[in-house]
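Here are a few notes to go with the model. Have it open beside you as you read.

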Amino acid sequence: TISALGVVETPLPVEAYHSWLEVNPLTVESTRRLKARLAGAKQDHLPLISVIMPCYESDPDLLSEAIESVLTQAYENWELCICDDASPSNVVAGVVKNFSQLDGRIKYVR
């Protein structure tokens with residue numbers, strides 16, 4: 001259910017998302033149309049979405065997949081804020097550094 005303020009009070013089951021995807025499949029064409037629609041929107045109507053990703057000694061392959069999933073979003077006004085809780089190795093820092101050099105929307109704090 002959704003409250004009067006628009007807050008989801010009861011999370012929807014994963015099946016609901018899968019049902020939505022059946023009706024609204026993500027295709028190359030639908031993604032192109034969405035990007036075109038967003039490009040035509042007034043920039044002050046496109047809020048910055050901050051994605052917060054805590055990590056600690058994350059598996060580099062899984063971390064890379066997670067970052068890539070944000071990079072491939074159709075919506076482009078986002079920032080990915082990755083916070084490493086003092087991993088003893090530099091693996092996380094190395095992965096994030098490589099991605100942040102490709103895209104300045106990726107921020108890293110240790």
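1. Ser 87 counts as buried because its relative accessibility is 0% (buried is under 20% relative accessible area, exposed over 50%, partly exposed in between, with a 1.4 Å probe and protein chains only). Look for Ser 87 in the loop between strand S2 (78-84) and helix H4 (91-102); helices (H or I, at least four residues) and strands (E, at least two) are DSSP runs, numbered from the N terminus.

2. A caveat on sources: this is a predicted model, where local features need pLDDT of at least 70 and side-chain atom pairs count only at pLDDT 80 or more, while totals for chains, interfaces and linings use all residues. Residues are numbered from 1 along each chain as its sequence is written, and side-chain values use heavy atoms, with hydrogens and water left out.

3. What does the side chain of Ser 87 reach? The backbone nitrogen of Glu 57, at 2.6 Å. Leaving aside neighbours within four places in sequence, Ser 87 is in contact (heavy atoms within 4.5 Å) with Tyr 56, Glu 57, Val 92 and Arg 110.

4. Now try Ile 49, in strand S1 (residues 49-55). Ile 49 is partly exposed, at 44% relative accessible area. Its C-alpha atom is separated by 4.5 Å from that of Trp 78, 29 residues apart along the chain. Beyond neighbours within four places in sequence, the contacts of Ile 49 are Tyr 75, Asn 77, Trp 78 and Glu 79.

Conventions: A polar contact is a pair of N or O atoms within 3.5 Å; within protein, one must be able to donate a hydrogen and the other to accept it, and residues adjacent in sequence count only if both atoms are side-chain atoms.
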